[in-house]
Amino acid sequence: MDHILVPVDLSEHSPVACRYAAELARRLHARVSLLHVDEVQSLGFWNMEALGDYLSRLDELRKSRMEALGRLFSAVGLEYQSETASGRPDRAILHYAQNQAVDLIVMARRGHAPLSRFFIGSTSENVSCRGNIPTILVPSDEHSAGRPARPPGRILAPTDFSGSSMLGLEATLHFADAIGADVTLLHVVKFPGVFARTLRPSGSQLDKAQALVADASQEKLQQILDELGSDRLDFCVAAHESVAEGIVTTALEEEMDLISMPTRGGTGLSDLFLGSTTKRVLHVSRLPVLVLPRDYLDGLEPEFDIEFE
């Protein structure tokens, strides 16, 4: 990954994404672009005088805040470039990313700047799920897990054993290798809430029915580990009444730094990542989430082919 794009809305939440991206860029030896999108075309003005006044104030604000954000990169010896665009934010971000050979997008999950409705809900989801570039969504301080978001040393990679989730695992492992992180593979078994708990490979005694399902999952996970032979990879099984809640709960309990989510699964039995689960994780996670879009995964060549027993 040679080029990281950091879209910013000039709010107080922008530095969170910039600090996160700066550490990633340092580890990856990547260049950084800061991008601010002006939605002036959709705001509406009574007359040209009002429009001119808005543009003048926006230009002053953008210049000072972009310079302040840029110092977060220059302070750690990183080069960066500042860019601006106009129009609908998600489309402008994806257009820039495609034309400038961006390999990774890092953006704050929340933003409440009065001049920009930029990251409230749909923009971050559209960029992360509808594009074809991996995107890390970093929670703002008040939505984090009680500590500043930190570049990952431990990554949680949920799987439903589908082809897409296997491709997601391959992409996650490449990313982990590049930044020196470890990966824990997770399968969530849906059970009533009374059974919810996280199991390590050593396991603990469970209800018989739960144990049978958990054992089958552990066998598949062990098969993946044996096939890959990576020292950076381990696994766990979680039982939870909700797949998304099981993912988020396990990430916190196991002290993960990042959750890696493909946006599609596609198994006939458990459509784990068919939109709603990934979106639910994005909405409730207090940790950064790496979203691996379907179009991105479709462009990857599988490096291994596991036939589960």
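Ala101 follows helix H4 and has a positive phi, near 55°. Helices here are DSSP runs of H or I of at least four residues, strands are runs of E of at least two, and both are numbered from the N terminus. Helix H4 covers residues 89–99. Its buried residues are Pro89, Asp90, Ala92, Ile93, Leu94, Tyr96 and Ala97. Buried means under 20% relative accessible area, exposed means over 50%, and partly exposed lies in between, using a 1.4 Å probe on protein chains only. An α-helix has 3.6 residues a turn, so residues three or four places apart point the same way.

This is a predicted model, in which local features need pLDDT of at least 70 and side-chain atom pairs count only at pLDDT 80 or more, while totals for chains, interfaces and linings use all residues. Residues are numbered from 1 along each chain as its sequence is written, and side-chain values use heavy atoms, with hydrogens and water left out.

Now the whole chain. It has 10 helices and 11 strands. Of its 309 residues, 51% are buried. Take the contacts (heavy atoms within 4.5 Å) between residues at least 6 apart in sequence: 81% of them join residues at least 24 apart.

Next, the cores. A nonpolar core is a set of buried Ala, Val, Leu, Ile, Met, Phe, Trp, Tyr and Cys residues joined through side-chain atoms within 4.5 Å. The largest one has 54 residues. Ile4, Val6, Leu24, Phe73, Val106, Ile136 and Phe175 touch the most other members. Helix H1 (residues 14–28) gives the most to this core, with 9 residues. Apart from it lies another core, of 32 residues, including Leu35, Val188, Ala251 and Met261.

Leu34 sits in strand E2 (residues 31–38). Its relative accessibility is 0%, so Leu34 is buried. The C-alpha atoms of Leu34 and Val6 are 4.9 Å apart, although 28 residues separate them along the chain. Beyond four places in sequence, the contacts of Leu34 include Val6, Val8, Cys18, Met66, Phe73 and Tyr80.

Two of those partners, Phe73 and Tyr80, also form an aromatic pair. Rings of Phe, Tyr and Trp (its six-membered ring) pair if their centres lie within 6.5 Å; planes under 30 degrees apart count as stacked, over 60 as edge-to-face and the rest as tilted. The whole structure holds 1 such pair. The ring centres of Phe73 and Tyr80 are 6.2 Å apart and the planes meet at 35°, so the pair is tilted. Phe73 is buried, at 0% relative accessibility. Tyr80 is partly exposed, at 31%.

Strand E6 (154–158) holds Ile155. Ile155 is buried, with a relative accessible area of 0%. Its C-alpha atom is 4.9 Å from that of Leu258, a residue 103 places away along the chain. Among the residues that Ile155 touches are Thr172, Phe175, Val183, Met256 and Leu258.

Asp160 lies in the loop between strand E6 and helix H6 (163–179). Asp160 is buried but has no salt bridge (a side-chain nitrogen of Lys or Arg within 4 Å of a carboxyl oxygen of Asp or Glu). The nearest side chain of opposite charge is Lys220, 9.6 Å away; Lys and Arg count as positive, Asp and Glu as negative, and His and the chain ends are not counted. What does the side chain of Asp160 make a polar contact with? One partner is the side chain of Ser165, at 3.0 Å. The side chain of Ser162 is another, at 2.7 Å. A polar contact is a pair of N or O atoms within 3.5 Å; within protein, one must be able to donate a hydrogen and the other to accept it, and residues adjacent in sequence count only if both atoms are side-chain atoms.
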